[in-house]
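Student: I have a model open and want to learn how to read it. Can we take it feature by feature?

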Amino acid sequence: MIFNAKLQEFAQKVVFIANLYTGGKLPSEKAYYQVESLFRELQSTKGTFINDQEDQGDR
């Protein structure tokens, strides 16, 4: 459930960045790096979530 919320937050932020890019308010390179940063955060969250799930299964 937590990962799903983080995934939805990621999607909303990507849409926002894409809109800024499309509207000419954000250069493509900056948009790319912002999305890449958000994706790395999401991957980190996923890894933490999976590790937490595995730890709970060991109990």
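**Reading a helical model**

Tutor: Start with one residue. Leu38 has a relative accessibility of 13%, so it counts as buried. The cut-off for buried is under 20%. Keep in mind that this is a predicted model.

Student: Where is the place of Leu38 in the fold?

Tutor: Leu38 sits in helix α2, which covers residues 28-57. The protein chain has two helices and zero strands.

Student: Which residues is Leu38 in contact with, leaving aside its neighbours within four places in sequence?

Tutor: Look across to the other part of the chain. Once those neighbours are set aside, Leu38 is in contact with Phe10, Lys13, Val14 and Ile17.

Student: How should I read a nonpolar core? Which residues make up the largest one?

Tutor: Think of buried nonpolar residues joined through side-chain atoms. Here the largest nonpolar core has six residues: Phe10, Ile17, Leu26, Ala31, Leu38 and Leu42. Helices α1 and α2 each give two or more residues to this core. The largest share, three residues, comes from α2.

Student: How much of the protein chain do buried residues make up?

Tutor: Buried residues are 10% of the 59 residues in the protein chain.

Student: What does the pair of Phe10 and Phe39 tie together?

Tutor: Phe10 lies in helix α1 (residues 2-22) and Phe39 in helix α2, so their pair ties together parts 29 residues apart in sequence. Now compare the two rings for cover. Phe10 is buried, at 17% relative accessible area. Phe39 is partly exposed, at 40%.

Student: And what is the geometry of the pair formed by Tyr32 and Tyr33?

Tutor: Tyr32 and Tyr33 are edge-to-face: 5.2 Å centre to centre, with 80 degrees between the planes. An angle over 60 degrees is what makes a pair edge-to-face. Tyr32 is exposed, with a relative accessible area of 51%. Tyr33 is partly exposed, with 47%.

Student: On to charges. How many salt bridges does a search of the whole structure find?

Tutor: The search finds two. Begin with spacing along a helix. An α-helix has 3.6 residues a turn, so residues three or four places apart point the same way. Then look at the case here. Glu9 and Lys13 both lie in helix α1, four residues apart, about one turn of the helix. Their side chains meet in a salt bridge, 3.1 Å from N to O.

Student: Are Glu9 and Lys13 buried, partly exposed or exposed?

Tutor: Glu9 counts as partly exposed, at 34% relative accessibility. Lys13 is also partly exposed, with a relative accessible area of 36%.

Student: Which residue forms a salt bridge with Arg40?

Tutor: The partner is Glu36, and the closest N and O atoms are 3.2 Å apart. Arg40 and Glu36 are four residues apart in helix α2, so about one helical turn separates them. Arg40 is exposed, with a relative accessible area of 54%. Glu36 counts as partly exposed, at 24%.

Student: Which residue takes a positive phi just after α1?

Tutor: Gly24 does, with a phi of about 80 degrees.

Notes:
Residues numbered from 1 in each chain as written. Predicted model: local features only at pLDDT ≥ 70, side-chain atom pairs only at ≥ 80, totals over all residues. Heavy atoms only, no water. Buried < 20%, exposed > 50% of the residue type's maximum accessible area, 1.4 Å probe, protein only. Contact = heavy atoms within 4.5 Å. Phe/Tyr/Trp six-rings, centres within 6.5 Å; stacked < 30°, edge-to-face > 60°. Salt bridge = Lys/Arg side-chain N within 4 Å of Asp/Glu carboxyl O. Core = buried A, V, L, I, M, F, W, Y, C linked by side-chain atoms within 4.5 Å.
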